[in-house]
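Biologist: Could you take a close look at the salt bridges in this model and explain how their residues are placed?

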Amino acid sequence: MLFLIFFVLIRRATKKGMMLYVTAFSLLFYYLSNGLLMVVLPAVALFTWWSTRRMSDAEGTARKGLLWFTVIVDLLPLLVFKYTGMAVDIWNAILHSNFSFGTITVPAGLSFFTFQAISYVVDVYKGKFTDRVSLLEFFFYLTFFPLLVAGPITRAEVFFSHFRGEIAEEPEEETVVYDASMEGESAADDEEEPTHRGLPPVDPKLLYTGLWLIMLGLVKKLVIADYIAQFNNMVFDDPTALSGFENLMGCIGFSVQIYCDFSGLSDLAIGMAALLGIKLPDNFNLPYQSLNITEFWRRWHMSLSFWFRDYVYIPLGGNRKGKIRTYVNNFVTIFLSGIWHGSTPMFAIWGAIHGAGLVIHKANKRWLDKIPDNWLTKPVTWLVTYCFLLVTWVFFRAGSLETCWQIFGKIFTDMDLAYLVPFVTMRGPWTLAVVGAMLVHATRRETHHRFIDWYVDSPLVVKVVMFAMVIQLCIQMSTSTVAPFLYEQF
């Protein structure tokens, strides 16, 4: 109901009034999610805007010094809230002490808006974003509620280009080139009130695409992810109580769960922004179709992958310092991505395995590229890649190494395909949800776009009926308590 009121009222405001309205709504939304910890977000926004203004007016050493000062201060809340516990554990291990801060609550989405703020500062410093935005515009950008919980991490150039009716896409190459045609006057410099009210007129295709993505996100989260999580949790909570076959099914189920959970959240965010006339970049591109680990990281959580590429990998030297340095940079980048997900050793291990896998693939790429892509090799390379991902997801999900070894032990010592028929008979809906999600995921991207185009072009009554059916399905399939989004904690 809160969101319905929001969308009804927003078209009645002027452009500046709309930004105030959306910003206030976003801060309210963040307060309801975090309580008093919500002050971290406006504090980061205010400081980043002020410091970046000072930096853009400075030159030489002072400009570079302000860049580092702003980035470090922006990182402080993330380091304090998310990594204090890890630092204390390391301190206790070294000094054999038992010092403790107790439980530290991490504000939801802290990593996402921190990274978005840093991308803004760096892009202004490098001249990739030259618009001089007002304080209101920057608050509108950094607190925009569809992006708050889990991204996608959207750069200022992309966000403001779509907000102002221009076109800009998330950069996909290793270097980002700023297009001077994207420059525009900020609200602070615009003396005349815009002739339109509220957001620019919404393209009907964008509007209905947003509605489709909202329905898709709800199905992924409430119908698939939350439902199959019930059995997956049983496996990871006590692997030894189940057979090796059931442990394997739980691992496969979690790979589907985490994809549907996180991509569903991204679909909801992109869909809600589309209803406001803002096109956000895609965050997933059918990642389980990947034929190698390098391709996976180009398809999975793309906004985060691009962020680490542009603001970590390239500043470390990228591939410009020779092969060994390139491999080190690749490993460090992916390892830091693992640490970003959480401060426990399991996330560090997950990042290290992925980093090592990426280095091994790139080191052998020359002879791997000689293998032809055909009907025989593609299934093999896909299976190898998916099995690798399956193993790494165990480290991501398990609470300890002991749980990982228990799962792997059961799979390799207690595997019997005779469990297949009883399992499918007993857990038919779970099997249908997992297999159905994988089959849909296996279809070509063009097929997904054709479904969107069909929905966009369908009569209004069809759109309304489909939306009502999805809502009813979500109500029927949802559990008594909706599980939090997995990536909300990050």
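Modeller: Lys365 has a relative accessible area of 35% and is therefore partly exposed, where buried means under 20%, exposed over 50% and partly exposed in between, with a 1.4 Å probe and protein chains only. The model is a predicted one, in which local features need pLDDT of at least 70 and side-chain atom pairs count only at pLDDT 80 or more, whereas totals for chains, interfaces and linings use all residues. Residues are numbered from 1 along each chain as its sequence is written, and side-chain values use heavy atoms, leaving out hydrogens and water.

The side chain of Lys365 meets that of Asp369 in a salt bridge, at 3.0 Å from N to O (a side-chain nitrogen of Lys or Arg within 4 Å of a carboxyl oxygen of Asp or Glu), and Asp369, at 51% relative accessibility, counts as exposed. The whole structure holds twelve salt bridges.

Another of them joins Asp282 to Arg445, with the closest N and O atoms 2.8 Å apart. Asp282 lies in the loop between helix H10 (244–275) and helix H11 (293–299) and Arg445 in helix H20 (residues 445–457), so the pair ties together parts 163 residues apart in sequence; helices here are DSSP runs (H or I, at least four residues), numbered from the N terminus. Asp282 is partly exposed at 39%, and Arg445, at 28%, is likewise counted as partly exposed.

Arg155 and Asp310, by contrast, are both buried, and their salt bridge brings the closest N and O atoms to 2.7 Å. This pair links the loop between helix H7 (145–148) and helix H8 (156–163), which holds Arg155, to helix H12, which holds Asp310, 155 residues apart. Together with Arg309, these two residues are linked in a network of salt bridges.

Terms used. Helix = DSSP H or I, 4+ residues; strand = E, 2+ residues; numbered from the N terminus.
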